[in-house]
Amino acid sequence: MQAWVIGNWKQNPATSHDVDLLLNNLLTTIDAKEQAAIERSNSRCQLMVAPSCIHLAAVSARLAGSSILSAAQDVSAHSASVGAYTGECSAQQIADAGATWTILGHSERRQYHSESHDTLFQKVTHALTQGLGVVFCIGETQAQYDDKQTLDVIDTQLSVIKEVITTQPDIMSSLSDRLIIAYEPVWAIGTGKVPTVSEVSQTHQHIKQTITGFAESLKVMSVLYGGSVNADNADSFAADPMIDGALVGGASLKVESFLAIANAFSRAKD
């Protein structure tokens, strides 16, 4: 199965100049002398970056023709296209800006914007109906982890996907190619705390079994891990067959660490 390594830039970098520097470094590091290796690994590890909305069109244009995909970090829940929703960006507008995927359900969105089941159902539906792929984030808090509620929390969060499948049958024909689940324990995001590979593997197995229970066609769907993934621990995560890639936060803003993570998954899938 192909691996995915996705860089979530969050509210970074601050300026268009800094975005250009980051992209220049990323694209020039993947230079001609590495091209043969990259061509061999492309089928094994797909790279994607998710800039902030203000930089999305420029990043998408810059990456056009490269092997790197661009994604949004969110879409509007109110409308798939247009409307009187100040400050919102619709799935249609995101697609028009050149993105092919979007991240939805990230714990920071759930925490800071109180995103509910109904809100996420609307966002996932809007994204899929506009042809965007969805990276759907799930994960438990420290308190929920300590209380051994991880799987119960995940099941509740995955019920959004179950409802989409149940109520939007037209989406099903291509859903296996346009849905990725990213398991990110909230307590591990940006903290340096990392669950064991065994813990992540068991959780991913549960996620895959649950999703396959929703629809047999989703048994090939990728499940990524996110939460303090870095160049030092990427090999251990990549070596586990249940872990299909990584959703990377801070380490994606440093080209060397981002590509080191990608290389770890490329080697593991060889």
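A residue is called buried under 20% relative accessible area, exposed over 50% and partly exposed in between, using a 1.4 Å probe and protein chains only. Of the 270 residues of the protein, 50% count as buried. The model is predicted: local features need pLDDT of at least 70, side-chain atom pairs count only at pLDDT 80 or more, and totals for chains, interfaces and linings use all residues. Residues are numbered from 1 along each chain as its sequence is written, and side-chain values use heavy atoms, with hydrogens and water left out.

**Overall fold**

- The protein has 12 helices and eight strands; helices (H or I, at least four residues) and strands (E, at least two) are DSSP runs numbered from the N terminus.
- The radius of gyration, taken over C-alpha atoms, is 17 Å, close to the 18 Å that the globule rule gives for 270 residues, so the protein is as compact as a globular protein of that length. The globule rule is 2.2 Å times the number of residues to the power 0.38.
- Along its principal axes, the C-alpha trace spans about 50 × 45 × 35 Å.
- Contact means heavy atoms within 4.5 Å. Among contacts with a separation of 6 or more, 73% are between residues 24 or more positions apart.

**Nonpolar cores**

- A nonpolar core is a set of buried Ala, Val, Leu, Ile, Met, Phe, Trp, Tyr and Cys residues joined through side-chain atoms within 4.5 Å.
- The largest such core has 67 residues, and those with the most contacts inside it are Val5, Phe136, Ile181, Ile207, Ile261 and Phe265. Helix 12 (residues 255-268) supplies the largest share of this core, seven residues.
- Apart from it lies another core, of 13 residues, including Met48, Ala71, Val135 and Ile180.
- Not counting residues up to four places away in sequence, Val5 touches residues including Cys45, Leu47, Val248, Phe258, Ile261 and Phe265.

**Annotated active site**

- The unreviewed UniProt entry places the feature "active site" at His106 and Glu184. UniProt positions are given in the numbering used here, feature names are shortened, and annotations may be inferred rather than shown by experiment.
- Although spread over 79 residues of sequence, these two positions cluster in space, with a largest C-alpha distance of 8.3 Å.
- His106 lies in the loop between strand 4 (101-104) and helix 5 (107-113), and counts as buried because its relative accessibility is 5%.
- Glu184 lies in the loop between strand 6 (179-183) and helix 10 (197-214); its relative accessibility is 6%, so Glu184 also counts as buried.
- The side chains of Glu184 and His106 are joined by a polar contact of 3.2 Å. A polar contact is a pair of N or O atoms within 3.5 Å; within protein, one must be able to donate a hydrogen and the other to accept it, and residues adjacent in sequence count only if both atoms are side-chain atoms.
- Leaving aside neighbours within four places in sequence, His106 is in contact with Asn8, Lys10, Cys137, Glu184 and Ile189.

**Other buried polar residues**

- Ser201, in helix 10, is buried with a relative accessible area of 13%. Its side chain makes a polar contact with the side chain of Asp240 (3.0 Å).
- Asn233 sits in the loop between strand 7 (222-226) and helix 11 (234-238), and is buried with a relative accessible area of 15%. The side chain of Asn233 reaches the backbone nitrogen of Asn230 at 2.9 Å.
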